[in-house]
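Here are a few friendly notes to read with the model open beside you.

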Amino acid sequence: MLQDILVTGLVNGGVYALLAIGFSLIFGVARIVNIAHTAFYMLAAYCFYTLLTRGGLGFTLAGVIAVVSVVALSLLCYRLVIEPVREHEAAVLIATIALGLIFQELMLYSYGGHFLGVPSTIDGVVRLAGVSIPYQRLLILVVAGVMLAATWLFLYHTRTGLAIRATANDLEVANLMGMNVHRVAMITVGFSVGLAAIAGVVATPVTSVHPHMWLDPLVTMLAIVVLGGLGSLKGSVIGALVIAYVEAITVFTLPEGAHLKGVAALGIMVAVLLARPEGLFGVAFEEER
Amino acid sequence: MYMLRRAWAQMTNEVLVLPSRTMVLVWAAGLLLLPLVYSDAYVLRILTMTCIFAIFAASWDLLAGYTGQVNFGHALFFGAGAYASALASLKLGVSPWLTIWLGAAVAALFGYLSGFLCLRLRGSYLSLATLAFPLIGLGLLFAFPDFSGGELGVSGLQRLIIGPTANYYVACVSMLVIVFGLWAIADSRFGIVLHAIRDDEVAARASGINTPRYKLTVFALSAAAAGFAGALLAHYLRVAGPSTLEVALSFQVVIWGIFGGVATIYGPVAAVFILYPLTEWLGSFKHIGELRLLIFAVIVLLVLLFMPRGLAPWVRDKIEALCPRCKQRNFVFRKKCRLCGAPLEAQVTRAERLVGHQ
């Protein structure tokens, strides 16, 4: 059981971290609370499913096409829907909620409400210290690790990454220093949705695809981001692991665990917020008034 | 006789001069008189639900619009009211006329508690943290199905009154009383303090306002109204199910509130009266019935692109103009202000326009 907890926590933590980092980046740079973030994760899963089972493409090609098309769609949505109402915070909020609902209903209409399964990308298991880990979960872990490393490289070792961090730190000063804030926001949205889409593509074989699959990770992701501190990347990764392990422990040890995993995760979040209102690694409130 | 003449004078001088007030009057009178002329059970059913959700949306607006505590988990209060009232009337056998008050009280307690937990949170943190509360409740309901009925909820409740028209009047009258009550609260000195807390909490505290106490009061008040609505719905549908706590309902109320225009009370109510019957009506068609949520979302999105501040403020700005001198509202076709007589269209000379004086 201990091994199960360790493996499940790590794998789920990887997926959650990919989602939470993207959400956190968009919030930090563009100040958008992007409720539709996990809807893009769902879209990527559906796209991957379609290309794989109906289009007959290979795994790699299907995955790449799914990620690229979802990123393109997100940029289009940002341009047409979010940017015209950027100044009105409330309008942005419900625009993203409406986008999520639209995607959900579109998928419900075109694929129906039932659960669709995606075949495993690679079969077989590896035995590691007495635990058998399916290759699929190992793949999720590797992809998550690689993407986290890539995100770190992108943000800390490229000029664009520097611009993104500067904009997140202080939008007005970044603008005055000659950075094109709008383009930085576009790049951030594209990059973050790309992370969510990759998470959707690699995670679908171990979960199932259905139109409401975006709601559960949405709540978990929000809990992680609040727990780690909005806009903090380190916080997102650590928060993702904390929440994933709390969920895994609840599921495997308590009798009604499947129902209580959300309660445990959200309870941890509330407890952290009571002690530190700005999250584990967030910036204190008093600075921005 | 004097009272009557006085009331008539009030009417012509205060209500009928402004198109927005006239619209509210016509709307309220129309709601009360409708069953006398048209009592189709289906229409009354939809309007009853609309009235109940209007209470819910208005209570969200007091908390999120006026006080700035943008609550993403307002369904918690709705569900708390529904479940408390349902369990009390079913297990204890108390009349539902009493248990709906119990539902409101329990919801107010929940509101106070979640307000207490959120006192130190602000902005997006508060929104995202409050989103968690109803989900914690939902998880607990599923984990203890003996008590809560699990996925099926608590069913077989007593109705408040028998008959569609009577039920409609119960919902409609409580909606009018609560909504006008919330409006009066929001318009009073108390409401001004709430505006101050939303706009700058530090400044409000520096002016000697005990902001935590105000925030807790508003949380409890708004939760009580939402819980009352939840209890009404539970007894109307005769079931209190887990759908009263879902994320979808929390998001729904956010959409209603922002679509109608925040910090107005009448905005969210108008939004419910437009959007809820619209989705029901769309659902009655065979072909597009499945698409009604999609159409709903698209309509909300399109309206927001043109009226980012919401529907009600946009309409109000179109039909009423602000007097440049005394800042009172006037019908847009008037030449002079109805109170101070200042010309409504400010005479802007060319020079002033050049330097940006308007």
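This is a predicted model: local features need pLDDT of at least 70, side-chain atom pairs count only at pLDDT 80 or more; totals for chains, interfaces and linings use all residues.

1. Let's begin where the chains touch. On chain B, 37 residues are in contact with 37 residues of chain A. Helix 6 (123-143), helix 12 (247-260) and helix 14 (292-306) of chain B are the elements that each give two or more residues to this side. Helix 6 of chain B supplies the largest share, 13 residues. Sorted by class, the side of chain B that touches chain A holds 30 nonpolar, three polar and four charged residues.

2. Helix 4 (residues 89-111) of chain A packs against helix 14 of chain B at about 150°, and their axes are 8 Å apart. The two are therefore roughly antiparallel, as angles over 145 degrees count as such. Their crossing is left-handed. From helix 4 of chain A, the residues in this contact include A:Ala91, A:Ile94, A:Ala98, A:Glu105 and A:Tyr109; from helix 14 of chain B, they include B:Leu293, B:Ala297, B:Val300 and B:Leu304. By class, the contact has 15 nonpolar residues, no polar ones and one charged.

3. Which residues have the most contacts inside the largest nonpolar core? They are A:Ala44, A:Ile94 and A:Ala197, in a core of 207 residues. A:Ile94 also belongs to the helix pair of point 3. Setting aside neighbours within four places in sequence, A:Ile94 is in contact with B:Val254, B:Ile255, B:Ile258, B:Phe259, B:Val300 and B:Leu304.

4. Now for a pair inside chain A. Helix 9 (residues 215-228) of chain A and helix 10 (residues 233-253) of chain A have axes 8 Å apart and pack at an angle of about 125°. That makes helix 9 of chain A oblique to helix 10 of chain A. The crossing is right-handed. Among the residues that meet here are A:Thr220, A:Ala223 and A:Gly228 from helix 9 of chain A, and A:Gly235, A:Ser236 and A:Ile243 from helix 10 of chain A. The contact divides into eight nonpolar, five polar and no charged residues.

5. Chain B has a helix pair to view as well. The axes of helix 4 (residues 75-91) of chain B and helix 5 (residues 96-117) of chain B come within 7 Å, crossing at roughly 140°. These helices are therefore oblique to each other, and their crossing is right-handed. Helix 4 of chain B brings residues including B:Leu76, B:Phe77, B:Gly81 and B:Ser85 to the contact, while helix 5 of chain B brings B:Pro96, B:Gly103, B:Phe110 and B:Ser114, among others. The classes are 13 nonpolar, seven polar and no charged.

6. Finally, two backbone angles to check. B:Arg238 is not a glycine, yet has a positive phi of about 65°. This residue lies in the loop between helix 11 (211-237) and strand 2 (239-240) of chain B. B:Ile265, also a residue other than glycine, has a positive phi near 65°, and is found in the loop between helix 12 and helix 13 (266-283) of chain B. Is each one buried, exposed or partly exposed? B:Arg238 counts as partly exposed because it has 14 C-beta neighbours inside 10 Å, whereas B:Ile265 is buried, with 28 other C-beta atoms within 10 Å. The cut-off for buried is 20 or more.

How values were computed. Residues are numbered from 1 along each chain as its sequence is written. Chains are lettered from A and ligands numbered from 1 in the order in which they are written. Axes are lines fitted to C-alpha atoms, for helices over the stretch in contact, and angles run from 0 to 180 degrees between N-to-C directions. Helices (H or I, at least four residues) and strands (E, at least two) are DSSP runs, numbered from the N terminus. Angles under 35 degrees count as roughly parallel, over 145 as roughly antiparallel, 65 to 115 as roughly perpendicular and the rest as oblique. A crossing is left-handed if the near helix is turned anticlockwise from the far one by less than a right angle, and right-handed if clockwise. Two residues are in contact if their C-beta atoms, placed from the backbone, lie within 7 Å. Ala, Val, Leu, Ile, Met, Phe, Trp, Tyr, Cys and Pro count as nonpolar, Asp, Glu, Lys and Arg as charged, and the others, Gly among them, as polar. A nonpolar core is a set of buried Ala, Val, Leu, Ile, Met, Phe, Trp, Tyr and Cys residues joined through C-beta atoms within 7 Å. A residue is buried if 20 or more other C-beta atoms lie within 10 Å of its own, exposed if 12 or fewer, and partly exposed in between; C-beta atoms are placed from the backbone.
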